[in-house]
Amino acid sequence: MPGLGVDSAQQILAEVGANAVVFASDKNLCSWVGVCPGDEESAGESSSHRSPQGNRQMRRLLNQAANAAVKTKGSIFEIMYRRLVPRLGHNQTIGAVAHRLCRLIWLLLRKGVRYEERGPAVSQRSRQNRTSKMIRELRTLGYRVEFLNAVPSNPMP
């Protein structure tokens, strides 16, 4: 998994446990670690969105892993970072990536699924799906679509 090495994986297992049986859901783990967005509200007015204090060592470990994961070329975390950083800034984006990592760690430990990197292949496939959908919509509206330079991977009749 991008951002996590052997040492950090050992520390996570020491903090959370081998199967994360203590945590009923990924939200419980994120709240315990302190990487979920806070929501302080009183009388309908939001006063703070700071993350709650949680397990200090685990939160620092996930923030370091998030910083490393966004530097991994072609990973889904790099794509997520590039999408969110103009709007949120670096620190809040790293917090969002750490939140995603924490949820993924719970899924790996509790459900026993295997991690599979879904970086550029997924975005390329989604780009192709979006292109074919847009071509279909244009054709149903009565437009004629011609391809100038690129040959589509799945041409439409």
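How many residues does the largest nonpolar core have, and which of them have the most contacts inside it? The core has 29 residues, and V16, L29, V33, V35, L62 and C102 have the most contacts within it. This is a predicted model, where local features need pLDDT of at least 70 and side-chain atom pairs count only at pLDDT 80 or more, while totals for chains, interfaces and linings use all residues. Residues are numbered from 1 along each chain as its sequence is written, and side-chain values use heavy atoms, with hydrogens and water left out.

**The core**
- A nonpolar core is a set of buried Ala, Val, Leu, Ile, Met, Phe, Trp, Tyr and Cys residues joined through side-chain atoms within 4.5 Å.
- Buried means under 20% relative accessible area, exposed over 50%, and partly exposed in between (1.4 Å probe, protein chains only).
- Two or more residues of this core come from each of α1 (6-16), α2 (26-33), α3 (56-69), α4 (76-88) and α5 (90-111).
- Helices (H or I, at least four residues) are DSSP runs, numbered from the N terminus.
- The largest share, nine residues, comes from α5.
- V35 touches C30, R59, L62, G95, A98, H99 and C102, leaving aside residues up to four places away in sequence; contact means heavy atoms within 4.5 Å.

**The cysteines**
- There are zero disulfides here, a disulfide being a pair of cysteine sulfur atoms within 2.5 Å.
- For C30, the nearest cysteine sulfur belongs to C102, 3.7 Å away.
- C30 is buried, at 1% relative accessible area.
- C36 is also buried, at 15% relative accessibility.

**Helix α6**
- L138 lies in helix α6 (residues 120-140) and is partly exposed, at 36% relative accessibility.
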